[in-house]
Amino acid sequence: MAKKIKAVVKVQIPAGKATAAPPVGTALGPHGINMGAFIKEYNEKTAAMTGSVVPVVVTVFEDRSFTFVTKSPPAADLIRKEAGIEKGSPAPNKSVVGKITQAQIRKIAEMKKNDLNANSVESAMKMVEGTARSMGVEVGA
């Protein structure tokens, strides 16, 4: 018989640097899971992606066991890295803080395709382009 699900928790944690401090502790602590086991497992699984923020979906079961699935980093995080900028524009429609090429957009879209609601890479590219424009990043040819 399948285990009964108690909660599904979504958290964004820096890759390879999870600790029991917030946001991990505050999100998962009330559900009574073994924090040490989760942190160790998460850090091992995301060690290769150090420097990125990695969203994770943790499924907590009634017997306090858990499973988790890591997602790809947020599109905004990937765009900032590709454009070489610290953060997005405070006035996206007025000031441009960086530029990104179609090739870079395609690279990000291919990374994000499984997590996006898109049927093709082209439609995923349009979503990523929209995110870039809303950050004040100019999309070039």
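## The sheet

Two strands count as paired here if DSSP finds at least two bridges between them. With that in hand, this predicted model has an open sheet of 3 strands, ordered E1-E2-E3, with antiparallel pairing. The edges belong to strand E1 (5-14) and strand E3 (66-70), each of which pairs on one side only. Going from one strand to the next, the twist averages 20°.

Now for the pairing of E1 with strand E2 (residues 53-61): these two run antiparallel and are joined by 9 bridges. If you want a spot to start looking, take Ile5, whose bridge partner in E2 is Phe61.

## A helix on the sheet

Helix H2 (residues 35-46) packs on the sheet and touches E1, E2 and E3. The direction of H2 makes about 25° with that of E3.

## Where H3 meets H5

Two packed helices are described by the angle between their axes and the distance between the axes. For helix H3 (residues 75-83) and helix H5 (residues 121-134), the axes come within 10 Å and cross at roughly 70°. Angles of 65 to 115 degrees count as roughly perpendicular, so H3 is roughly perpendicular to H5.

Which residues make this contact? On the H3 side they are Ala75, Ala76 and Ile79, and these meet Val128, Thr131 and Ala132 in H5. Sorted by type, the residues of the H3 contact with H5 come out as 5 nonpolar and 1 polar, with no charged ones.

Key
Residues numbered from 1 in each chain as written. Predicted model: local features only at pLDDT ≥ 70, side-chain atom pairs only at ≥ 80, totals over all residues. Heavy atoms only, no water. Axes fitted to C-alpha atoms, helices over the stretch in contact; angles between N-to-C directions. Helix = DSSP H or I, 4+ residues; strand = E, 2+ residues; numbered from the N terminus. Parallel < 35°, antiparallel > 145°, perpendicular 65-115°, else oblique. Contact = heavy atoms within 4.5 Å. Nonpolar A, V, L, I, M, F, W, Y, C, P; charged D, E, K, R; others polar.
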